[in-house]
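Subject: Structure for your review, with notes on chain B

Dear colleague,

Please find below the sequence and structure that I am handing over to you. My notes follow directly after them.

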Amino acid sequence: MAESTASVTWKGSLLEGGGTIDHVGSGVFGDLPITWKARTGEEGGKTTPEELIAAAHASCYSMALSHALAQDGNAPDSLETSATVTFVPGAGITKIALSVKGSVPGIDQAAFVAAAEDAKANCPVSKALAAVHEITVEALLS
Amino acid sequence: MPRIVREAEIEWEGTTARGSGVVRAASTGSFELPTTIASRVDLIQGKTSPEELLAAAHATCFVTSLGSELARGGTPPERMHVHCTITMDEVEGAGHRIVASHVSARAVVPGADAETFGAAAQAADEGCPFSALIRASASVTYEATLEGGS
C-alpha cells in the first residue's frame with residue numbers, strides 16, 4: 001500500500017484570492033501558486049487541478065507502458081507521453097487525450113499501438129478516472 | 001462556459017524498474033518534476049509519483065470548491081488549508097488500484113458558524129469535479145474543521 005499526500009492553503013475569495021500547493025509528501029515541489037483565473041485560462045504561470053491530473057495520468061501511463069513493453073522483452077529506450085485534460089466548468093472533466101512517442105527496439109508500429117491501448121486500459125490512474133467520458137491514446141513509434 | 005484544456009508531458013528513459021522520468025506542466029510551465037517507480041511504491045524525498053500529483057489535484061480542486069460554496073453562502077473565507085491523502089493498494093485480481101482519497105480541510109471563515117460551514121463543506125465535496133470523478137472508482141471521504149478568527 002502506498003499513501004501520497006499534498007496540502008494546499010488558500011487565502012481570500014475564489015475570484016480575488018489565491019492559494020499555494022504548499023507541501024507534498026516527497027517534498028519535490030511546494031509553494032506552487034494556484035488561482036481561479038489560471039484554472040479558467042486567463043492567467044499563465046500557475047498550475048491547476050486539471051494540469052496536475054494531466055501530469056499524474058501521463059506519469060502513470062508511461063510507467064504502465066514501459067512495464068508492459070519490458071515484460072514482452074522489448075524494453076523501451078524512451079517514451080515521451082503527453083496528456084491533455086479538457087475541463088468544462090459545470091460539466092467537469094470531459095476528456096483526456098494521451099499521446100505517446102516511443103523509441104522501442106524490436107517491435108513494429110502495430111505491436112506498439114496494441115501495447116499503448118492496453119496500457120491506457122490498465123494503468124491505475126486510467127482506472128481511477130474511468131468515469132471520464134472519453135479517454136483516447138495516440139501512439140507513434142519513432 | 002469556456003472549454004478549458006490543460007496539458008502535461010513526461011519523458012521516460014528506460015524500463016519502469018530501472019528507468020526514470022521527468023514530468024512537466026506543459027500548459028503553464030509551473031513545474032518540472034523527477035519521478036521513478038521506486039518513489040511511487042516507497043516514499044522517496046525529492047521524487048514525485050502519479051498518486052502524489054492526484055493528491056495535489058484533489059486538494060486544489062476541493063479548496064476552490066469550498067471557497068466558492070462559502071462565498072455563495074455570504075461568508076467568504078479568510079484562509080483555508082486542505083490536506084489530501086491518496087491511497088493505492090494491491091487489489092486481489094485487479095492489480096494496483098487507487099482505492100481511496102481523503103480530504104481534510106481547516107478554514108478561518110468570518111461570520112460562519114459550524115452548521116453553515118459544514119453545509120458548505122458537504123456542497124464542496126459534492127461539487128468538486130475531481131471528487132465526483134474518483135468517487136466512481138474509489139472511496140472519497142472528507143473532514144472539515146472551522147477554526148477561530150485570526
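This is a predicted model: local features need pLDDT of at least 70, side-chain atom pairs count only at pLDDT 80 or more; totals for chains, interfaces and linings use all residues.

Overall layout

Chain B contains four helices and six strands. Read from the N terminus, its elements follow the order β-β-β-α-α-β-β-α-α-β. Taken along the principal axes, the box filled by the C-alpha atoms of chain B is roughly 55 × 40 × 35 Å. Of its 150 residues, 50% count as buried. Among the contacts in chain B with a separation of 6 or more, 51% are between residues 24 or more positions apart.

The domain assignment divides chain B into domain 1 (8-41) and domain 2 (50-147). The centres of these two domains, taken over C-alpha atoms, are separated by 26 Å.

Strand β2 of chain B covers residues 20-25, and its side chains alternate between two faces. B:Gly21, B:Val23 and B:Ala25 point to one face and are buried.

β2(B) is joined to strand β1 (residues 4-13) by six bridges, and the two run antiparallel. In this pairing, B:Arg24 of β2(B) has B:Glu9 opposite. β2(B) is also joined to strand β3 (residues 32-35) by four bridges, again in an antiparallel arrangement. Here B:Val23 stands opposite B:Leu33 of β3(B). The hairpin of β2(B) and β3(B) has six residues between the strands, and B:Gly29 in this hairpin adopts a positive phi near 70°.

Helix α3

Helix α3 of chain B (residues 114-127) has 14 residues. From first C-alpha to last, the helix reaches 20 Å, close to the 20 Å expected at 1.5 Å a residue.

Which residues of α3(B) are buried? They are B:Phe117, B:Ala120, B:Ala121, B:Ala124 and B:Asp125. These residues lie on the same side of α3(B) because the arc they cover around the axis is only 140°. B:Glu115 and B:Glu126, on the other side of the helix, are exposed.

What do the buried residues of α3(B) pack against? Their partners in chain B are the helices α2 (50-72) and α4 (129-134), together with the strands β5 (95-108) and β6 (139-147).

With kind regards

Definitions and conventions. Residues are numbered from 1 along each chain as its sequence is written. Chains are lettered from A and ligands numbered from 1 in the order in which they are written. The expected span of a helix is 1.5 Å times one less than its number of residues. A residue is buried if 20 or more other C-beta atoms lie within 10 Å of its own, exposed if 12 or fewer, and partly exposed in between; C-beta atoms are placed from the backbone. The arc is that of the directions from the helix axis to the C-beta atoms. Two residues are in contact if their C-beta atoms, placed from the backbone, lie within 7 Å. Domain bounds come from an automatic or database domain assignment. Two strands pair if DSSP finds at least two bridges between them.
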